[in-house]
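I opened this structure to see how it is put together. My entries are in the order in which I looked things up.

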Amino acid sequence: MISCRWSSVRTIVNLTKHSQVENPATVPESIGGHGTSAYDAITIGAGIATLDDRLIVRIIGDDRIPFMHGMCSNDIKGLATGAVAPALILTEHAHIIADFLVYAEADALLLEIDRALWPKARAHLEKFLVADDVEFEELDNLGVIDVEGPAAAKVAATVVGEATESLPLWRHGKFAGVRVANLPRFGGPAFTLLVERAGIASMIETLRERGASAGVRDIAVIGTETLEIVRVEHGIARVGVDTTERTIALEARLDAAISFSKGCYVGQETIERATARGGVKKKLFGLRIEGGRLPLTDGAIMLEGREVGRLTSVVRSPRLGIIGLSIIHHSAWQTGTRVTIADAAGERVASMCDLPFA
């Protein structure tokens, strides 16, 4: 149980039934107007993606801030209106249930969360609702557009106005009726637009056309494969892919989602103990993988005949070759350590690498 208590006068829990959403606006990956590949666009220009796996949940009620402050790892009470922050929902033992982004509004909190993780996160939150004035509403009408790359701000500004280009990192606001956030979710420069799902396709086409007219030569619609490459290159763990139900937040290097100075929250004691004792015995690391074949995920990573981890993410990066992620035992943390990845198709040699990949 949480060691803190919250007092309130009433409870409002209005969890709308989760329904499968068909996205009529899915746009296939494309080549830019100058023959730019999706990867080139995202690294030297702008890549535009629809994040179909994201759900927006609106939280209202007088107790929304103290309740969520006690239920997640980051400092919700200290979050100013217009700020965005990453946060985690943890078990009492600091095992990760879900990660999310929280957008602070004057009268509400907006949670952007993986749609597949929300049901379990919701059930966990409900367990602790006793007499709290808190209401959750799933906004299935809203979709998420991610504009990635060094020209992301310029492209977004063509639709929502030049003020977007001066929006600080980890801040959001409404411009031309669209909620926009300066949000480097995959580690590189990027802007997020929250728009009506029915208008996603037309918004993407407008971004492409106006971006090109504004002089952005390298611009393309990108898909999940390209986003995965960028995520792995930056060494960002994906909850449910690089983590299990037994993964502690610090093992996944999700420190940016944790406040080490806030008051009590679910999972805090385990985080504090691990921090005070000098860290953890396992941690997310990168692997540079030799050979031409992509290893299968969940392959055993072996060091001197002993398993030190399991391959959780693997991509073929145009810049770095075949690279992967794994939560690795501390005996293999030294950069350059040679390991073997064994899967059903055979073995591959790899070298350990700190993150992000250089």
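The entries below go from the whole chain to single residues.

**Entry 1: overall.** I note first that this is a predicted model. I counted seven helices and 18 strands in the protein chain. The chain has 358 residues, and 55% of them count as buried. I then looked at contacts between residues at least 6 apart in sequence, and 71% of these join residues at least 24 apart.

**Entry 2: cores.** I looked up the largest nonpolar core and found 58 residues in it. F67, M68, F100 and F136 have the most contacts inside this core. Strand 4 gives the most to the core, with six residues. A second core is separate and has 25 residues, including V147, F191, L207 and I219.

Leaving out residues up to four places away in sequence, I find F100 touching M68, C72, A85, P86, A87, L88, I89, L111, E112 and I113.

**Entry 3: helix 3.** Which residues of helix 3 are buried? For this helix, residues 118-127, I list W118, A121, R122, H124 and L125. Looking down the axis of helix 3, I see these buried residues fall within an arc of 160°, so they line one face of the helix. I also asked what the buried residues of helix 3 pack against.

**Entry 4: helix 4.** Helix 4 spans residues 152-160 and is mostly covered, with seven of its nine residues buried. I wrote these down as A152, A153, V155, A156, A157, V159 and V160. G161 follows helix 4 and has a positive phi, near 105°.

**Entry 5: largest pocket.** I looked up the space in the largest pocket and got about 910 Å³. The lining has 36 residues, and the closest to the pocket centre are D99, R185, F186, I236 and A237. By class, I find 20 nonpolar, five polar and 11 charged residues in the lining. Strand 3, strand 4 and helix 6 (224-233) each supply at least two lining residues. Helix 6 gives the most to the lining, with four residues.

**Entry 6: backbone exceptions.** As background for this entry, most residues other than glycine have a negative phi, and most peptide bonds are trans.

I checked W170 and found a positive phi, near 60°, in a residue other than glycine. W170 sits in the loop between helix 4 and strand 8 (172-175). Is W170 buried or partly exposed? Its relative accessible area is 30%, so I record W170 as partly exposed.

R253 also went into the notebook, with a positive phi near 55°. I place R253 in the loop between helix 6 and helix 7 (268-276). Its relative accessibility is 26%, so R253 counts as partly exposed.

Last, I looked at the peptide bond from L355 to P356, which is cis with omega near -5°. P356 lies in the segment after strand 18 (346-353).

Methods:
Residues numbered from 1 in each chain as written. Predicted model: local features only at pLDDT ≥ 70, side-chain atom pairs only at ≥ 80, totals over all residues. Heavy atoms only, no water. Buried < 20%, exposed > 50% of the residue type's maximum accessible area, 1.4 Å probe, protein only. Arc of directions from axis to C-beta. Contact = heavy atoms within 4.5 Å. Core = buried A, V, L, I, M, F, W, Y, C linked by side-chain atoms within 4.5 Å. 1 Å grid on protein atoms, 1.4 Å probe; cavity = no way out; pocket = protein on both sides within 12 Å on 5 of 7 lines; lining within 4 Å. Points joined across faces, edges and corners; volume = space filled by probe spheres on them. Nonpolar A, V, L, I, M, F, W, Y, C, P; charged D, E, K, R; others polar.
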